Amino acid sequence: MNEIHTVLQIPDEADGGRADAVLAKLLDVSRSTAATWFTDGYFSMNGRPLGKSDRLTAGDRVTVDIPEQRDPLAVVVEPVEGLKILADDDHFVVIDKPVGVAAHPSPGWVGPTVVGGLAAAGYRISTSGAPERQGIVHRLDVGTSGAMVVAKTEHAYTLLKQAFKERTVEKMYHAVVQGLPDPLRGTIDAPIGRHPSYDWRFAVLEGGRPSVTHYEVLEAFGKASLVEVHLETGRTHQIRVHFSALKHPCAGDLTYGAEAKLAAELGLTRQWLHARKLAFAHPGTGERVEVVSEYPQDLQYALDALQRGDV
């Protein structure tokens, strides 16, 4: 939306009306949008801020000063620090996604994105899907680092999207979880849905979407364990939710019940979870493509501390 700088005179038919209702109608926006603009201080009258519940009188002159509103789905082309290329050919590019980077733009997210970072690096990717999700055939959470494939062509987009849907893509993660899971190798088969009390969290819920996680303990350190995880399904926060439900949350994952003290001792400001390996059929030749992502510095630091017995 373009910026608005104007003075509105309140018409006779709006005499006595609430400011938010009157101005929403005059500016042709929703009342909730107008309420947000009141909170941000975009309306004033006689040199003073106007409150959304103030009553207006016919003939009042309201100053409107609204800066340009950023489209939350607009792709911002900007370099992404730490974004590495693990594999690249005419059909796809596999990136090493840093923590703190979203796959694509979305409402409420104002940080860097994979789509914007690839565009800044000169990559032309598939135009399939919604404009803000071009080429995105699967996603990693903002707080999860590691290997992620992006389609460059329409053909690759179709085949890779289908491969993820049919679960023929091998998605292998490494995680450091608190304690020692029992058994050392197992499968977590528990449905996941939106948490009934928190919009931004998920939980194991009866009636949730089927979710299956396979794991194997690679190393045990007492307070925590390094586990290899293979996803059969790909639900949002699946690994974090499943291990939290087992009472073995990912180290550093305070959202899902991890200990703050252990997180501090390990220097973690996020969950210890990394998309370690991605393997799929090449969309052009059908040959197996396998890409491995090394641990980023913060996760390696924490793992080294555990292996040395510092914690």
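What percentage of the 311 residues of the protein count as buried? The points below take up that question and then turn to individual sites.

1. The model under discussion is a predicted one, and of the 311 residues of the protein, 47% count as buried. The accessible surface comes to about 15900 Å² in total, and carbon and sulfur atoms make up 48% of that area.

2. As to overall form, the secondary structure amounts to 7 helices and 15 strands. The radius of gyration is 25 Å, well over the 19 Å that the globule rule gives for 311 residues, so the protein is more spread out than a compact globule. The C-alpha trace, taken along its principal axes, spans about 75 × 45 × 40 Å. Among the contacts with a separation of 6 or more, 63% are made by residues 24 or more positions apart.

3. Helix 1, which covers residues 19–27, has Ala19, Asp20, Val22, Leu23, Ala24 and Leu27 as buried residues. These buried residues pack against strand 1 (4–9), helix 2 (31–39), strand 2 (43–45) and strand 4 (61–66). Just after helix 1, the backbone at aspartate 28 adopts a positive phi of about 60°.

4. Arginine 70 belongs to the loop between strand 4 and strand 5 (84–88), and with a relative accessible area of 42% this residue is partly exposed. When neighbours within four places in sequence are left aside, the contacts of arginine 70 are with Val76, Trp109 and Val110. For valine 110, the separation from arginine 70 is 40 residues in sequence and 9.4 Å in space, taken from C-alpha to C-alpha.

5. The structure contains 5 aromatic pairs, one of which is formed by tyrosine 215 and phenylalanine 243 in an edge-to-face arrangement, with 5.6 Å from centre to centre and 70° between the planes. This pair links distant parts of the chain, since tyrosine 215 lies in strand 12 (residues 212–220) and phenylalanine 243 in helix 5 (residues 238–245), 28 residues apart. Tyrosine 215 counts as buried at 5% relative accessibility, and phenylalanine 243 likewise counts as buried, at 0%.

6. A further pair is made by tryptophan 272 and tyrosine 295, whose ring centres are 5.1 Å apart and whose planes stand at 75°, so this pair is edge-to-face. Here too the pair links distant parts of the chain, with tryptophan 272 in the loop between helix 6 (260–266) and strand 14 (273–281), and tyrosine 295 in the loop between strand 15 (288–292) and helix 7 (297–308), 23 residues apart. Both tryptophan 272 and tyrosine 295 are buried.

7. Tyrosine 295 also has a charged neighbour, in that arginine 276 lies over the face of its ring, at 4.5 Å from the ring centre. Elsewhere, the charged end of arginine 201 sits over the ring of tyrosine 198, at 5.0 Å from the centre of that ring.

8. Glutamine 178 is placed in strand 8 (residues 170–178). Is this residue buried or exposed? Glutamine 178 counts as buried, because its relative accessibility is 9%, which falls under the 20% limit for that class. With neighbours within four places in sequence left aside, glutamine 178 is in contact with Lys223, Ala224, His248, Pro249, Ala251, Ala258, Glu259 and Leu262.

How values were computed: Residues are numbered from 1 along each chain as its sequence is written. This is a predicted model: local features need pLDDT of at least 70, side-chain atom pairs count only at pLDDT 80 or more; totals for chains, interfaces and linings use all residues. Side-chain values use heavy atoms; hydrogens and water are left out. Buried means under 20% relative accessible area, exposed over 50%, partly exposed in between (1.4 Å probe, protein chains only). Helices (H or I, at least four residues) and strands (E, at least two) are DSSP runs, numbered from the N terminus. Contact means heavy atoms within 4.5 Å. Rings of Phe, Tyr and Trp (its six-membered ring) pair if their centres lie within 6.5 Å; planes under 30 degrees apart count as stacked, over 60 as edge-to-face and the rest as tilted. A charge sits over a ring if NZ of Lys or CZ of Arg is within 6 Å of the ring centre and within 35 degrees of the ring normal. The radius of gyration is taken over C-alpha atoms; the globule rule is 2.2 Å times the number of residues to the power 0.38. Accessible areas come from the Shrake-Rupley method with a 1.4 Å probe; for residues, only the protein chains shown count as cover.
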